[in-house]
Amino acid sequence: MEDWSWITLVDESSLRQKKMPRVIRLIATAPVKPAPGQPCNGCGVCCAAETCPAGRLIFRRRAGPCPALAWDEADGRYRCRLLTRPGAHLGWLPAAWSGAAARIFARWIAAGQGCDSDAEVGDGKPE
Ligand code: SF4
Ligand code: SF4
């Protein structure tokens, strides 16, 4: 059984939901979200809050958590399954194309480019 932490998104200017603070649920041992521009540490905040353009196209939803967001226990961080196991969400994808698909998704979501989320997180727990 996983331990979870509940995090209030204080500033959702990037999430287009400025009026209502939202609470997201993440694994308790997930890393703390870094400042925008810092290296991505896999905290999972962005993808728990809302889907990226790739996620919107594939899963037809804007609201998070994204179905492709997966906790990597060994590395202690969240990862995008569209990169690690694209076939898990794209059942029609031939196994031989998996690597190419992962590379395309990595470019699309700008993986490795640093944190591009300006969501501000608080300590919040649901009241
Ligand atoms: S990066 Fe991956 S897990 Fe995150 S929202 Fe996009 S598709 Fe979903
Ligand atoms: S892009 Fe930022 S918010 Fe998203 S997982 Fe990486 S560090 Fe966390």
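# A guided tour of the predicted model

Select Arg60 to begin: with 8 other C-beta atoms within 10 Å, Arg60 is exposed. The structure on display is a predicted model. Arg60 belongs to the loop between H2 and S3. Its phi is near 55 degrees, a positive value in a residue other than glycine.

**The chain as a whole**

Next, show the whole chain as a cartoon. Its secondary structure comes to four helices and five strands, and along the sequence these follow the pattern β-β-α-α-β-β-α-α-β. Of the 127 residues, 23% count as buried. Among contacts between residues at least 6 apart in sequence, 47% join residues at least 24 apart.

The chain has a mean pLDDT of 87, and 87% of its residues reach 70 or more. Confidence is lowest in S1, at a mean of 80, and highest in S3, at 97.

**The loop between H2 and S3**

Continue to Ala68, which is placed in the loop between helix H2 (53-59) and S3. Is Ala68 buried or exposed? Ala68 counts as buried because it has 24 C-beta neighbours inside 10 Å, where 20 or more are required. Leaving aside its neighbours within four places in sequence, Ala68 is in contact with Gly55, Cys80, Arg81, Leu82 and His89.

**The hairpin of S3 and S4**

Now select strand S3 (residues 69-72) together with S4. The two run antiparallel and are joined by four bridges. Asp72 stands opposite Arg77 in S4. S3 and S4 form a hairpin with four residues between them, and Gly76 in the turn has a positive phi of about 65 degrees.

Show the side chains of strand S4 (residues 77-80). In a regular strand the side chains alternate between the two faces of the sheet. In S4, Tyr78 and Cys80 make up the covered face, whereas Arg77 and Arg79 make up the uncovered one.

In soluble globular proteins, nonpolar side chains tend to be buried together. Here the largest nonpolar core has 21 residues; those with the most contacts inside it are Ile24, Val45, Cys47, Ala48, Ala49, Leu69 and Cys80. Two or more residues of this core come from each of strand S1 (4-11), strand S2 (22-27), helix H1 (45-49) and S4. H1 gives the most, with five residues.

Centre the view on Cys47. Apart from its neighbours within four places in sequence, which residues is Cys47 in contact with? They are Gly64, Pro65, Cys66, Leu69, Tyr78 and Cys80.

**The surroundings of the two ligands**

Select ligand 1. It is surrounded by Cys47, Thr51, Cys52, Ala54, Gly55, Cys66, Ala68, Leu69, Cys80, Leu82 and Ile109. This shell divides into nine nonpolar, two polar and no charged residues.

Move to ligand 2. The residues around it are Lys33, Pro34, Cys40, Asn41, Gly42, Cys43, Gly44, Val45, Cys46, Cys115, Asp116 and Ser117. They divide into six nonpolar, four polar and two charged.

Select Ala102, which is found in helix H4. Ala102 counts as partly exposed because it has 19 C-beta neighbours inside 10 Å, whereas a buried residue has 20 or more. Beyond its neighbours within four places in sequence, Ala102 is in contact with Leu83 and Pro86. Ala102 and Gly87 are 15 residues apart in sequence and 9.5 Å apart in space, C-alpha to C-alpha.

Ala110 has a positive phi of about 60 degrees although it is not a glycine. Why does Ala110 count as exposed? It has 11 other C-beta atoms within 10 Å, and a residue is exposed if it has 12 or fewer.

How values were computed. Residues are numbered from 1 along each chain as its sequence is written. Chains are lettered from A and ligands numbered from 1 in the order in which they are written. A residue is near a molecule or strand if its C-beta atom, placed from the backbone, lies within 6 Å of it. Ala, Val, Leu, Ile, Met, Phe, Trp, Tyr, Cys and Pro count as nonpolar, Asp, Glu, Lys and Arg as charged, and the others, Gly among them, as polar. Two strands pair if DSSP finds at least two bridges between them. Two residues are in contact if their C-beta atoms, placed from the backbone, lie within 7 Å. A nonpolar core is a set of buried Ala, Val, Leu, Ile, Met, Phe, Trp, Tyr and Cys residues joined through C-beta atoms within 7 Å. pLDDT is the predictor's confidence in each residue, from 0 to 100.
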